[in-house]
Amino acid sequence: METANVDRKGQSTTTITARCTGHIYDAVGQSRFEYEFEGTTLSDFLDSFFEEYAVEDLVLASEESEEASSGWAKPPEKLPGTWNQNPDGERVRRYARVTVNGRFNEHLGGFQTQLEDGDRIGLLYPFVYCF
């Protein structure tokens with residue numbers, strides 16, 4: 001396990017590889033790059049990233065209705081598998097996802113997931129077309 005770096009102010013810093021797709025890539029202008037921020041959690045990363053890049057509205061949902069989409073088929077009474085949802089204050093928009101090393105953040109520690117140098121953070125918001 002790698003430890004976080006310490007900057008000149010004595011703050012812990014973490015360097016990750018950011019991966020941006022779809023609408024987020026369009027807004028940021030880069031698909032893959034190193035990103036250093038103060039702190040060690042996914043929440044610390046997102047706060048820093050959204051300060052630098054104005055993509056928070058593409059990723060985060062302010063209320064539950066922005067988080068899910070309605071489908072054309074009625075879901076079964078008992079859904080298969082394990083279903084996890086981010087807690088209030090950590091909701092992502094429908095179709096948008098945040099991953100840590102390829103795993104959806106809600107299957108880890110949510111936005112409190114601990115990050116290490118070299119982790120890969122994906123900010124995914126694919127282009128969706130309806131015909």
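My entries below go from the whole chain to single residues.

**Before starting.** I reminded myself that this is a predicted model, in which local features need pLDDT of at least 70 and side-chain atom pairs count only at pLDDT 80 or more, while totals for chains, interfaces and linings use all residues. I also noted that residues are numbered from 1 along each chain as its sequence is written, and that side-chain values use heavy atoms, with hydrogens and water left out.

**Overall layout.** I looked up the secondary structure and found 3 helices and 6 strands. Helices (H or I, at least four residues) and strands (E, at least two) are DSSP runs, numbered from the N terminus. Going along the sequence, I wrote down the order β-β-α-β-α-α-β-β-β.

I checked how much of the chain is covered: 37% of its 131 residues count as buried. Here buried means under 20% relative accessible area, exposed over 50%, and partly exposed in between (1.4 Å probe, protein chains only).

**Contacts along the chain.** I took contacts between residues at least 6 apart in sequence, and 60% of them join residues at least 24 apart. A contact means heavy atoms within 4.5 Å.

**A charged patch.** Which residues gather in a patch of negative charge on the surface? I found Asp47, Glu51, Glu52, Glu56 and Asp57 there. Patches are made of residues with over 30% relative accessible area and no salt bridge, with like charges joined within 9 Å and nonpolar side chains (Val, Leu, Ile, Met, Phe, Trp, Tyr) within 5 Å. Asp and Glu count as negative, Lys and Arg as positive, and His and the chain ends are not counted. The place of a charge is NZ of Lys, CZ of Arg, CG of Asp or CD of Glu. Helix 2 (42–52) and helix 3 (56–59) each supply at least two residues of this patch, and helix 2 gives the most, with 3. I picked out Glu52, which lies in helix 2 and is exposed at a relative accessible area of 53%.

**The salt bridge.** How many salt bridges does the structure hold? I counted 1, taking a salt bridge as a side-chain nitrogen of Lys or Arg within 4 Å of a carboxyl oxygen of Asp or Glu. Arg97 pairs with Glu106, and their closest N and O atoms are 2.1 Å apart.

**Loops.** I turned to Asn101, in the loop between strand 4 (97–100) and strand 5. Its phi is near 50°, a positive value in a residue other than glycine, and Asn101 is partly exposed at 32%. Next I visited Gly109, in the loop between strand 5 (103–104) and strand 6 (120–124). Gly109 is partly exposed, at 42% relative accessibility. Arg91 sits in the loop between helix 3 and strand 4 and counts as buried at 10%. Arg91 and Val59 are 32 residues apart in sequence, with 8.6 Å from C-alpha to C-alpha.

**Last stop, Arg120.** This residue lies in strand 6 and is partly exposed at 42%. What does Arg120 contact, leaving aside its neighbours within four places in sequence? I listed Thr17, Thr99, Val100, Asn101 and Gly102. I also noted Phe33, 87 residues from Arg120 along the chain, with 9.8 Å between their C-alpha atoms.

Methods:
Accessible areas come from the Shrake-Rupley method with a 1.4 Å probe; for residues, only the protein chains shown count as cover.
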